[in-house]
Amino acid sequence: MGFRCGIVGLPNVGKSTLFNALTRTAAAQAANFPFCTIEPNVGEVSVPDPRLQKIADIAKSASVIPARLTFVDIAGLVKGASKGEGLGNQFLANIRETDAIAHVLRCFEDDDITHVEGRVNPVEDASVIETELMLADLESIEKRLQNLSRKIRGGDKEAVEQERLLKMAQEAIEDDRPARTVEIADDDARNWKILGLLSAKPVLYVCNVEEDSASDGNAHSAAVSELAAGQGAASVVISAAIEEEISQLSDEDRAEFLSDLGLEEPGLDRLIKAGYGLLRLRTYFTAGPKEARAWTIPAGARAPQAAGVIHGDFEAKFIRAETIGYDDYVTLGGEQGAKEAGKMRAEGKGYEVLDGDVLHFLHGG
C-alpha cells in the first residue's frame, strides 16, 4: 500500500509543472492557460528512504525495490465547479478516488503568469477550493439522505447508521466546516470512509514559491502555514520551478544543485514525508539475496495485515512474523547477527508492526 494523492488547485498555480517534476515525465502539459489538463494524469514515484539501501547492502540483495506512491494531476478548479462550471463535475469525481488532497497554492508573484482571479492570495485560493468541495459534498449528502428515507422506514439498520453519519457531515458543512473536522469514533471509521466525502479527505497545502524562497518560504507561504495549523492540516514549501530542474539532473549534480540553494533535500522528499505523516503511514522492509523491498502500511497495522500487503494468502494463512528492528538489523550486520544477539523476535497475529521493522513472514501452504 502506498497512497494516491490528488494534486488540485486553481488554474495556473503550477500543478502540472510540479506533477511533471515529481514523476519525471512530460505527461502533463504545463501551459499558461486554464484547463490544459483535460484528463487526470497519473504517475507513480519511488518513495525515497535511505534505510532501504543500507538494508540491501547488508543483505547483499540483487535488486532494491522502493515503496511507490501515486500522484494524480487533476485539472484546475474554479468557482462554481460544484455546479459544473469549468470542467468541475468531471474533476470532482477524480478527486473522490484519491486518499488525500494536495492543494497547490500560488505563493509567488509573476506578472507574466495569469492568475484566474487576477490577484495572488493563496489563503483565498484555498478557501475557493475548499468551498467547492464542501458544496459538492452538501449536494451529494442531500440526495443520499432522500434515497435512504424509504430504507429507514423499512427498518434497515445499515441505512440508519449511514443517515447518522451523513447528518454529522451535513451539520459540519452547514456550519462552514469541512467534513474532516468531524470527530469520528473508531467503530465508525470504516463506514465514514465509504461515504467518500470530498471535504473529509486529509489535506496537504503545497506552497509553490519562487526559487529564492525555496528554503525558507515567503510571506504568502507563512500565511498558508498559519491556515494549515489552524485546521490541523499540513503544509510544505516547494518551488515547482526548482523541482523541474532537479528532475533533469544526475544524482551527483542534484546534490550540488541543492547545496547551492541551501536545500537539504528535494521538495519531493518533503512532500512524501508530509503526506506519510498526514495519512499516518509506516514503512517496513523485507530483505534477502534476491531483493530488498520497502512496503507501506497504515499506522496500527497488525502483522497479518502487513503480510497481506505482499499477498492476500500471507494474511489469510499467517502463522508468525520473524521481526528485527531496523537499528538492530544495521548495527548487528543483518539477520544472522540479530539472531545470534537474540534480537530477532517471533511475533504473532496481535503484533503492531513498527516503522522500520525488517520482517520475514511464515504462513501456511
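**Notes on charged and buried residues**

1. Asp-212 is exposed, with a relative accessible area of 76% (exposed is over 50%, buried under 20%, partly exposed in between; 1.4 Å probe, protein chains only). Look for Asp-212 in the loop between strand 6 (203-208) and helix 7 (219-231); these are DSSP runs, helices (H or I) of at least four residues and strands (E) of at least two, numbered from the N terminus.

2. This is a predicted model: local features need pLDDT of at least 70, side-chain atom pairs 80 or more, while totals for chains, interfaces and linings use all residues. Residues are numbered from 1 along each chain, and side-chain values use heavy atoms, without hydrogens or water.

3. Now for the hidden ones. Thr-323 sits in strand 10 (residues 318-324) and is buried, at 0% relative accessibility. Glu-243, in helix 8 (residues 240-246), counts as buried because its relative accessibility is 5%. Glu-243 and Thr-17 are 226 residues apart in sequence, yet their C-alphas are 8.6 Å apart in space.

4. The whole structure has 15 salt bridges (a Lys or Arg side-chain nitrogen within 4 Å of an Asp or Glu carboxyl oxygen). One of them joins Glu-44 to Arg-68 at 3.5 Å, N to O. Glu-44 is in strand 2 (residues 41-46) and Arg-68 in strand 4 (residues 68-73), so this pair ties together parts 24 residues apart in sequence.

5. Glu-161 and Arg-164 also pair up, at 2.6 Å, N to O. Both belong to helix 5 (residues 157-174), three residues apart, about one turn. Glu-161 is partly exposed at 34%, and so is Arg-164 at 33%.

6. Finally, Arg-177 forms a salt bridge with Asp-175, with 3.1 Å between the closest N and O atoms. Asp-49, Arg-51 and Asp-355 are linked in a salt-bridge network.
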